[in-house]
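Here is a short tour of one protein model, starting with a helix and its surroundings. Please keep the structure open beside the text as you read.

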Amino acid sequence: MKFFIDTANIEKIRYFAEMGIIDGVTTNPSLIAKEGKDIKKTIEEISLIVDGPISAEVVSEDADGMVKEALELSQIHENIVIKIPMTKEGIKATHQLALKGIKVNMTLVFSPAQALLAAKAGARYVSPFVGRLDDISSSGLDMVLQIREIFDKYDFDCQIIVASIRHPLHVVDAARMGADIATIPPAVLEKLFDHPLTDIGLERFKKDWETVFG
Ligand code: E4P
């Protein structure tokens with residue numbers, strides 16, 4: 001399973017990339033705005049740190065505008081993947097971009113039917129948002145399971161990126177379901193490391209060692 005980091009924060013990307021656990025990066029307009037820097041400059045900086053797919057999202061609402069933005073963003077680096085929202089115009093843009101050989105990550109996916117449409121239009125990645133679905137009392141991970149079942153029955157060239165991850169169990173369950181990728185916010189990545197028995201064990205080793213060897 002691949003880990004993408006879900007942030008536009010350069011320091012956080014560098015911090016986790018140095019551990020060798022980051023295979024790619026996803027951003028969205030909210031994450032770019034949070035850092036307050038120009039999207040092109042931000043994506044350029046990220047591409048110097050991570051050698052893997054980097055998702056940059058369009059903000060246009062019509063297909064022509066999305067394609068225009070996508071063509072500009074894809075000039076930044078060969079690893080750029082264009083994030084397109086799951087709308088009819090987005091599906092149209094995805095089809096046009098796929099014909100041009102530009103990789104699309106279809107975002108704001110909340111149902112297996114939407115994921116199926118994205119794959120049919122030629123998206124190379126689909127991003128089901130598990131946390132936001134859980135927020136409205138519908139199981140985000142159940143959606144992922146259904147998308148996995150569908151994709152396994154056909155030969156779509158489309159990988160599942162589990163997005164809107166809120167806690168470590170989302171990551172573990174996504175892995176158990178065979179999701180291709182989890183895009184994980186830095187705060188959740190941090191929590192994946194934690195276990196109280198690791199801390200207690202380390203403390204005991206240290207104490208026993210110091211008791212005998214000083
Ligand atoms: C990533 O592709 C998504 O934009 C992101 O995971 C959304 O997460 P949120 O629901 O926490 O904003």
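## Helix H8 and its buried side

In this predicted model, the buried residues of H8 are Gly140, Leu141, Met143, Val144, Ile147, Arg148 and Phe151. Buried stands for under 20% relative accessible area, exposed for over 50%, and partly exposed for what lies in between (1.4 Å probe, protein chains only). They cover an arc of only 145° around the axis, which puts them on the same side of H8; the arc is taken from the directions from the helix axis to the C-beta atoms. As a reminder, an α-helix has 3.6 residues a turn, so residues three or four places apart point the same way.

What covers these buried residues? The cover includes strands S5 (104-109), S6 (125-128) and S7 (159-162), together with helices H6 (112-121), H7 (130-134) and H9 (168-176). The length of H8 fits too: its 14 residues (140-153) should span 20 Å at 1.5 Å a residue, and the end C-alpha atoms are 21 Å apart, which agrees. That expected span is 1.5 Å times one less than the number of residues.

## Ser127 in strand S6

Have a look at Ser127, which belongs to strand S6. Ser127 is buried, with a relative accessible area of 2%. Leaving aside neighbours within four places in sequence, its contacts (heavy atoms within 4.5 Å) are Asn105, Met106, Thr107, Leu108, Val109, Ile161 and Ala163.

Most residues other than glycine have a negative phi. Leu108, in strand S5, has a positive phi near 60°, and at 32% relative accessibility this leucine counts as partly exposed.

Ser137 also has a positive phi near 60°. Ser137 sits in the loop between H7 and H8 and, at 74% relative accessibility, counts as exposed.

## The whole protein

The protein has 11 helices and eight strands, defined as DSSP runs (H or I, at least four residues; E, at least two) numbered from the N terminus. Its C-alpha trace spans about 70 × 40 × 30 Å along the principal axes. Of the 214 residues, 46% count as buried, and residues 24 or more positions apart account for 56% of the contacts with a separation of 6 or more.

Residues are numbered from 1 along each chain as its sequence is written, and side-chain values use heavy atoms, with hydrogens and water left out. Local features need pLDDT of at least 70, side-chain atom pairs count only at pLDDT 80 or more, and totals for chains, interfaces and linings use all residues.
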